[in-house]
Amino acid sequence: MRELMYLQAINEAFAEELERDEKVFLMGEGIQTGTFGTTTGLVDRFGPDRIMDTPISETAIAGAAVGASLMGYRPVADMMFSDFMYIAADEILLKAAQWRLLQGGTQQLPCVFVANIGGYRKLGNEHSQCPYSMMLHNPGLKVVIPSTPYDAKGLLKTAIRDNNPVIFLYHKGLLPVMGEVPEEDYTVPFGVADIRREGTDVTVVATSFQLFWAEAAADMLKDEISIEIIDPRTLEPLDIDTIMTSVRKTGRVVIVDEDTERCGFAGELATQIMERGFYDLDAPIKRVCAKNYPIPGGIMEKFVLPQPEWVVQAIKDVMVD
Amino acid sequence: MEFGKEDLIKLYVNLVRTRAFDRAAIKWLATGKLLSFYHPAEGGEAPGVGGTTFLRKDDVISPHLRGHGLPHMIGKGVDPKRYMAEHCGKATGFGNGLGGFHSAMDEFGMFGGTGTLGSCFPLSAGWGLAAKKNGTGQVVVCFFGDGTSNRGTWHEAANMAAVWKLPIVWVCENNGVAQYMPIQDAYPLEDLANMASAYGMPSAVVDGQDVVAVAEAVMAAVEMARNGDGPSFIECKTARFSAHGIGNPDKLHGKDRTTEDIAKLRERDPIVLFRTSLLEKGVLTPDDVERIDQEAVAEIDETEKFIDESPFPDDPALLDAALYAE
Ligand SMILES: Cc1ncc(C[n+]2csc(CCOP(=O)(O)OP(=O)(O)O)c2C)c(N)n1
Ligand SMILES: [Mg+2]
C-alpha cells in the first residue's frame, strides 16, 4: 500500500473533506503557507475564501468557528500550537463545549479545533504542552489524538463530519513519520481503540507520540514480558471496553501519556479501570506522564517529559507481585 | 532629547553588537549549540536598540520576539552573554538553564519574555501600575510586532493604561509581516498607530530604519510618561530581511517573497544607513568603524568561550527550587 507522512495524511484529509462538503472551511494563522505542512498547498486548490489566513487573534479565530458552526458551516480552526488554545479557553471550553446543552440540545456545533501538541523540542512551556486534560474536563468536546498517518487521516475526516465540536491534536514528533494510507476513501470511527500489539502479561495504554516509547519498551522487554499495547485514539469518546478486556487478561496496567500527570487523562483512566476491574488487578496501576512541573525550556525538559526508560521501569514495577 | 556625539556612537555600537549576536545565534543554531529555534532580528534592529539605549536602568522593558529580544537587551545594557548561555541551555543563563529562549533580568527592568504573543500587553499594564505606585518616574516600554498588535489583549491593556494614566510607551515594530501574513490583510488601516486614537493616546509614526528617529520619538514619549502624562504609542516602520524563523520558508500567503522584494528591503539596512550618516557627519572615522566591528567580534568570541565553559544544568532538584518560592 502507498505510504504517506503523518502531516501529508492530515493535509489529504482536509483536501478530501473540503472537496466533499462546501460548508467546510479552514481558518488560522499562516495556514495558506502551513507552519507544519498540514495545510500547505490547500489554498491553491480551494482559494483564500476557504483557506483563510487570519490575524494573530486566537480568541476571534476560535469564537468565529463556534459562531459560524451555529449557522450551518463546518469551520476548522487551526490554532497552530495547542498551548495557544489557552488564549481561547472561553470560546473552546465554555462556548463550543457547553453551548448545546445550555440551549436544551436544540443546536449543532460542527466545528473542529486543530493544533499540535508535544514537547522534546526544548521550546519550553508555551510551545510544548499536551493540554487535553482541560478539554476532557469540560464535557461537550470530543478529543482526538492520532498516532499514525492512517488514523490521522481517518479520524480527521470523522472529526470534520461530526456534528459536535472536536479537538484534533497532532503531535509535532509524529509529523514526518511514514505509514500506510489507502488511496480510497475511508474514515476511522471515534471511540474505537487500536490494539497495537497483543500480549498477556501487562496492558500498556499509550497515547500519541508516547506509543513510540511504549513500543520501544515492549521491544526491549520482549523476551521477559509479554506486553499488550493499546492506543485509545480518541480520549472522548473513550473505548473503555477494549481496555477492560485487556486488563482482565493481563491484570497489570501501565498508562503512558505526555500530559502533566496531575489531573490528567492517565489518572482518569486509572480510576475508570479501578472502578470497573479492581478485583482483576494484580498490581497497582502505574502512570508515566509529564511530571508536575511546567515544561522548562532547554535540556531540563528531560526531567519532566516522559522518557523511554521510565516506561521500561514502570512495566517492570507492575510485574512485581 | 538632544543626542550628542557619544549618544550617537552608543546607538551605533549597540546596533553593531546586536547584528553580531544575531549572526552568532544563527551560526550556533546550525551547529546545535543554540537550542530550540531562532527568529533573526536582521533588518529590524533599530526599534529595539533606539527604543532602549537611553532608558534608565530601572525603566521596564518588554522585548519583542525578533532576535528573541537581543536588540532590546543590548540597548538596555544587559550583558547578552547570559541570555545566549540560557538560549544554549547552560546553567549560567539568566534562568539557570530552565528558560530556553525566554528571558528575564530583573535588575535591568526586564521581567521576562513570553512565547504566547500578546501576553506582553496586560503584563506591561501591571508593570506600569507598579511603576506608577512606586512614584519614582519609572517608565515601561513595551515592544511588539504588527502581528502581535492583532491580539485582543492589546485593547484591554491599552484601555486600562489610558484610563489609569499608566507610564507606558507602546512601541510597535511594524515590519509589514507576521510570519506569513502581510499586515495589510490583518489590519484595515495604513498605520497601526491608529489603534492609539481609540483610547485617546498620542501616537507617532516613525521610520523604523532610522535609529535616531526611533530614539527621539520613544524618548519624547518616555518623558511624557515620566511626567505623569500617561501612555502613548510609537509605530516604527521596519523590515524583516529573511524568513520568519531559521529553516522556515519565506512566504506571504503561501507565495515566496521575491529576491527583488528582499533586495529592496535590504537597501534600507539600518546599520548601513546610520554608518553612512555618521561617517558623513564625521562622528565616526573609518578606523572607528573597523574598531567597533572588531570589538563586537571579540565580544562574541568571549561569549562563546563563556558558553562553552559553562555546564549544562543536570539536577532535577532545580525544578523543585524553581517551582515555588519559600
Ligand atoms: C499567541 C500566539 N499566536 C501565535 C504565535 C506564533 N507566532 C510566533 S511569531 C509570529 C508572528 C509574529 O508577527 P509580528 O508580531 O508581526 O512579529 P515579527 O516576527 O514580524 O517581528 C507568530 C504568528 C505565538 N507565538 N503566540
Ligand atoms: Mg511583523
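Residues from which chains surround ligand 1? The site is shared between chains, because residues of both chain A and chain B surround ligand 1. The structure is a predicted model, in which local features need pLDDT of at least 70, side-chain atom pairs count only at pLDDT 80 or more, and totals for chains, interfaces and linings use all residues. Residues are numbered from 1 along each chain as its sequence is written, and chains are lettered from A and ligands numbered from 1 in the order in which they are written.

Around ligand 1 there are 23 residues, of which Leu117(B), Gly145(B), Gly147(B), Thr148(B) and Ala178(B) come nearest; a residue is near a molecule if its C-beta atom, placed from the backbone, lies within 6 Å of it. The shell around ligand 1 consists of eight nonpolar, nine polar and six charged residues. In this classification Ala, Val, Leu, Ile, Met, Phe, Trp, Tyr, Cys and Pro count as nonpolar, Asp, Glu, Lys and Arg as charged, and the others, Gly among them, as polar.

Between the chains, 27 residues of chain A are in contact with 35 residues of chain B, two residues being in contact if their C-beta atoms, placed from the backbone, lie within 7 Å. The side of chain A that touches chain B has 12 nonpolar, nine polar and six charged residues.

Chain A contains 10 helices and 14 strands; helices (H or I, at least four residues) and strands (E, at least two) are DSSP runs, numbered from the N terminus. Chain A has a radius of gyration of 19 Å, close to the 20 Å that the globule rule gives for 321 residues, so it is as compact as a globular protein of that length. The radius is taken over C-alpha atoms, and the globule rule is 2.2 Å times the number of residues to the power 0.38. Along the principal axes, the C-alpha atoms of chain A fill a box of roughly 60 × 45 × 40 Å. Chain B has 12 helices and nine strands. For chain B the radius of gyration is 19 Å, close to the 20 Å given by the globule rule for 326 residues, so it is as compact as a globular protein of that length. The corresponding box for the C-alpha atoms of chain B is roughly 55 × 50 × 45 Å, taken along the principal axes.

Chain A is divided into domain 1 (3–180) and domain 2 (194–319), with bounds from an automatic or database domain assignment. The centres of the two domains of chain A, taken over C-alpha atoms, are separated by 26 Å. Their contact takes 26 residues from domain 1 and 24 residues from domain 2 of chain A. On the domain 1 side, the elements that give two or more residues are α5 (132–136), β6 (142–144) and α6 (149–161) of chain A. This side has 13 nonpolar, 10 polar and three charged residues.

The axes of helices α8 (residues 240–250) and α9 (residues 265–277) of chain A come within 11 Å and cross at roughly 60°. Axes are lines fitted to C-alpha atoms, for helices over the stretch in contact, and angles run from 0 to 180 degrees between N-to-C directions. The contact involves Ile240(A), Ile243(A), Met244(A), Val247(A) and Arg248(A) of α8(A), together with Gln272(A), Ile273(A), Arg276(A) and Gly277(A) of α9(A).

The peptide bond from Glu236(A) to Pro237(A) is cis, with omega near 0°, and Pro237(A) lies in the loop between β12 (234–236) and α8 of chain A.
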